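Me: I am new to this structure. Please show me how to read its features, one at a time.

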Amino acid sequence: MKAIGFTRHLDINDSQSLFVFEKDIPSPKGHDLLVKINAVSVNPVDTSVRHNGRGTLTTPKIIGWDACGIVKEVGAQVSLFKPGDRVFYAGSFKRPGSNSEYQLVDERIVGHAPKTLSDDETAAMPLTSLTAYEALFEQLSLPTTSSENKGKTILIINGAGGVGSVATQLAANAGLTVIASASRPESIKWVKEHGAKYTVNHRNNLVDEVRKLGYKYVDYILELKDIDSHWKEMCELIKPEGTIASITENKRPINLRLLTPKKATFTWEWMYTKSYYHTSDMQTQHTILDTIAQLLDEGKLKCTLTRSLSPLNAANLRKAHSLVESGHMIGKVAVSGWEK
């Protein structure tokens, strides 16, 4: 089968930063599905893993953490899917990624693909949807019914990014007043179209920005970009006994003492935790993705794909990486249809 990978951590403009090579099609065992990949999308984690590192790998590394495809074979313990099922998923951090014609993935982190979306639209949704859903309803412990969230507010920092674009919708659907940060006219328009009632500019002081809206504190904060720059602002804005969740890596130590007077909670969200450690609740990712598919099919959740490239080859995958690395992407970019 064809696969796209790298052996050196190069600038994306280098033709060897991602290249095509051949390898054997793997065989499914246990809970594995063998999926024929039709489309993938690119996330910041892809560009980070590709670029950050040293030395030369002895065999090419395959990355990619979003996919839509068709189940071709199943392992002996599989019970949730059968050959021919169309599926979508974000995969595992410990296994070869989706940038290959075929991939093995554990059924417990796979969902049935939405029926109303194309392959590239579907591939844009798994990682960001899982991250947003887990951050909101597991880590922030948001109630799922709008009546329980009436009058409550959430600040989402970087609302126009991949995760933010889903989180604003899920939070608004759950009945919260969503304040999303955005700094450009096009990103402000985007977040308002995706569930934000108010916007604030994260290039300014967020305390000033939120309080101009008439809110002294917010009930919840979801931080999706640059925790170091916004930490003190978040500690000031979170209400007493409120909760902050973050998905971004800190470069400096976090001063949790700032939360002590408010008895506030801070929590991390890492979408890969369940598959990385095979946690007892690992199969909740299957359930979440099936829920996301239903919301997409019912029109209660909008697909966040904004760029689609074809065919699926090394050149277009490098282009997708470049778009994500620019830092100006609104929504998601997908690459579909393997080059013949």
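Reply: Start with one side chain. Tyr 276 counts as partly exposed because its relative accessibility is 30%. Buried means under 20% relative accessible area, exposed over 50%, and partly exposed in between (1.4 Å probe, protein chains only). This is a predicted model: local features need pLDDT of at least 70, side-chain atom pairs count only at pLDDT 80 or more, and totals for chains, interfaces and linings use all residues. Residues are numbered from 1 along each chain as its sequence is written, and side-chain values use heavy atoms, with hydrogens and water left out.

Me: Which helix holds Tyr 276?

Reply: Helices (H or I, at least four residues) and strands (E, at least two) are DSSP runs, numbered from the N terminus. Tyr 276 lies in helix H8, residues 273-277.

Me: Which residues make the nonpolar surface patch?

Reply: Patches are made of residues with over 30% relative accessible area and no salt bridge; like charges are joined within 9 Å, nonpolar side chains (Val, Leu, Ile, Met, Phe, Trp, Tyr) within 5 Å. A salt bridge is a side-chain nitrogen of Lys or Arg within 4 Å of a carboxyl oxygen of Asp or Glu. Accessible areas come from the Shrake-Rupley method with a 1.4 Å probe; for residues, only the protein chains shown count as cover. Here Trp 270, Tyr 276 and Tyr 277 make a patch of about 340 Å².

Me: What is the strand order in the open sheet of six strands?

Reply: Two strands pair if DSSP finds at least two bridges between them. The order is S11-S10-S9-S12-S13-S14, with parallel pairing. Strands S11 (198-200) and S14 (265-268) are the edges, and each pairs on one side only. Take S13 (residues 238-246): four bridges join S13 to S14. Ala 245 has Thr 267 in S14 as its bridge partner.

Me: And the open sheet of three strands: is its pairing parallel or antiparallel?

Reply: Antiparallel, in the order S2-S1-S4. Its edge strands are S2 (19-22) and S4 (56-61). Strand S1 (residues 2-8) pairs with S4 over two bridges. Phe 6 stands opposite Lys 61 in S4.

Me: Is Ile 188 buried or partly exposed?

Reply: Apply the accessibility cut-offs again. Ile 188 has 27% relative accessibility, so Ile 188 counts as partly exposed. Ile 188 is found in helix H5, residues 185-193. Ile 188 and His 328 are 140 residues apart in sequence and 13 Å apart in space, C-alpha to C-alpha.
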